[in-house]
Amino acid sequence: MKDSVAEEHLYLGLSHWYRDSIFPLHTSISLFLLSYCDCKLFKIFLVPTGENVDDQFVTKNLLGDLEVHLISRCQLPVVVQSCCLPAVVVKDGKFCRAGLSVVLRHIIQKTYEADPSKKDVLELLGFKKTCLKACAEVSQWTRLCEISIPLAVEGFLTASPENCQTIPPDILQLERKLGEPVRVHNDDKIRRQKLQQQKASAKAAVPVLGKEATEEGKTVEMHEHPLPSLELSIAFSKLLVQEVSDVVTREAPNIRRTKTSDLPLLDHVFAEGLYFTLADIVLLPCIHQFLISSKKQGKNLVNLPLISSWYQRVQKVPGVKKAAGKCNMELLQLPELMSAPEAGLQDLSSVPDELEEENEDSNFIGGPRPTMTKLMENGIEAKFSPHPCPSWTLDWTNLPSAVSPGEGKMSRDRALRKQQQLNNLVAAVTKLAKPGDVIVDFCSGGGHVGIVLAHMMPSCQVVLIENKELSLIRAKDRSDELGLNNIWFIQANLDYFNGTFNIGVALHACGVATDMVIEHCIKARAAFVISPCCYGFIQNTVKFKYPRSHQFKEILSYKEHMILCRFADQTAVQLPPERRLIGKQCMGLVDLDRAWAAEERNYSVEVISMEPESCSPKNNMFVGIPT
């Protein structure tokens, strides 16, 4: 590692060890990825949650060739103490990455940066490098891999024998996902090749052998096996083939003329489709532990044929068995477990898709007037509190250039509107804050709000939380230019931040993110200043159901509330004035519901229009104070 590269510390939780793995499973997953990548770039610390941890047993018997150190939670860097583990931080730095997906993606990126020849490691991030990038609150797939499966397996392992007779629903959910058709880039070409293979197989009445083309025209020798599917050939060609021919296998004319809707669907090879990705790395230690426990209990896997096939297939990926060996994972050979009778097959269709039933009616037509009229008949209308300081403004001309949002790639007009938005939020926070307060800028983006607050309030500690790495790095660069010492940066989903704070702030928190921020503030009994955005993206999630308040729930159905949310986005300046007015009223009603829900939990909340209203089409602002 180059001397100019700052050393990074990786902190992993340690609750206990069980058989060949360290728990929580997030720790075993992190260590497995480090072994698979052969990554020695991080100084690794295990953080026990209990007492009497045997240092030598852990380091010698469970971690292979990785050097680790034990550290108590009170010895963690302060910024890490505010986060759920795993977490990575630059030594003595203030930039922390927290949460399983964020940390794993960072390990992959650092491994590739240190050794660009490890392209197979970078490929773990998938097409467009987006594997497990979306946060678990909005992505059902990320939630299943990052949270649901690990928790389900941990619960299964610790349950009493009488309580672990059935397969956890999240495992069955994964089985169903593996049975869904695959959609990949350029899949039309691959599906035509599959159709051609099927027709040739039917004509010859024997398995097709020889060479088959990949989606990029690359060729790969197929193994002489009873069922060498095209998908399997393509998947392993990407893993195994170093140099390939440029010869393109052209489909027959009748294949080229076939309608896309008549083409055969592609089958899963790995968790996300055809290619081995980070999702497979995350799932393997979890499914491995589940299978070991099932075997010891004498269970068969007749209900999980796809997971069983996937588990065996993953073992054939170059480097997986070696990494498993380093982590003392003795991978199972499953044919011996697959001899169960057909009796007892479970109907997977009975396993509900997460939120499917709740949100199935979210596609609808119709206008907002009937819903607004229904609320008016019950005495509910959008109402806004007067702005406490409509003319207050920062002295932007005398502030350092790095404080101004105009330093980014914004146009002059947009930068002016951003300054006006910041005037509103900073004015509200200034009235609430006192020396020593911790102020958290949620969904901070490039740090427009947080950097202004840190500069204007040097006696307060400001924490920026953002899921997008590049945005947070830009914010860090601006902070370094200003020489700010009262600011931390946390790349994480909101759920991985568990620190205490006094004021939460968010400028244009998108959709459900506004409700997530409000919930974080309420749990911390912190004041909040929030400007919502993207009302049209609001929908029921695992944690949040709409409407939010008891008053609205008694009057509106979920569908009726969604009508308000969709039309609340109709406030763009290019729309007719009457339509924008209806959009503003819908915004006010959606936010009134949020305000009343917070007041039910002992908060005083005002919904205010930012000044001037032209600063943004989404110009509502909450100011909430615990009572």
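The legends below describe an overview and close-up views of a predicted model.

**Figure 1. Overview of the predicted protein model.** The protein has 22 helices and 16 strands, and buried residues make up 55% of its 627 residues. Among the contacts with a separation of 6 or more, 73% are between residues 24 or more positions apart.

**Figure 2. Helix α7 and its surroundings.** Because 7 of the 10 residues of helix α7 (residues 169-178) are buried, this helix is largely enclosed by the rest of the structure. The buried residues, including Ile171, Leu172, Leu174 and Leu178, pack against α6 (140-158), α11 (278-296) and α12 (305-314).

**Figure 3. The aromatic pair Phe95 and Phe489.** Of the aromatic pairs in the whole structure, which number 10, this one has ring centres 6.3 Å apart and planes at 20 degrees, so it is stacked. Phe95 counts as buried at 7% relative accessibility, and Phe489 counts as buried at 1%.

**Figure 4. The stacked pair Phe528 and Tyr603.** The two rings are 5.6 Å apart centre to centre, with 25 degrees between their planes. Since Phe528 lies in strand β14 (residues 527-533) and Tyr603 in strand β15 (residues 603-609), the pair ties together parts that are 75 residues apart in sequence. Phe528 counts as buried at 0% relative accessibility, as does Tyr603 at 3%.

**Figure 5. An aromatic cluster and a charge over a ring.** Tyr36, Phe270 and Phe276 form one aromatic cluster. In a separate panel, the charged end of Arg548 sits over the ring of Tyr546, at 5.9 Å from the ring centre.

Technical notes
Residues numbered from 1 in each chain as written. Predicted model: local features only at pLDDT ≥ 70, side-chain atom pairs only at ≥ 80, totals over all residues. Heavy atoms only, no water. Helix = DSSP H or I, 4+ residues; strand = E, 2+ residues; numbered from the N terminus. Buried < 20%, exposed > 50% of the residue type's maximum accessible area, 1.4 Å probe, protein only. Contact = heavy atoms within 4.5 Å. Phe/Tyr/Trp six-rings, centres within 6.5 Å; stacked < 30°, edge-to-face > 60°. Lys NZ or Arg CZ within 6 Å of the ring centre and 35° of its normal.
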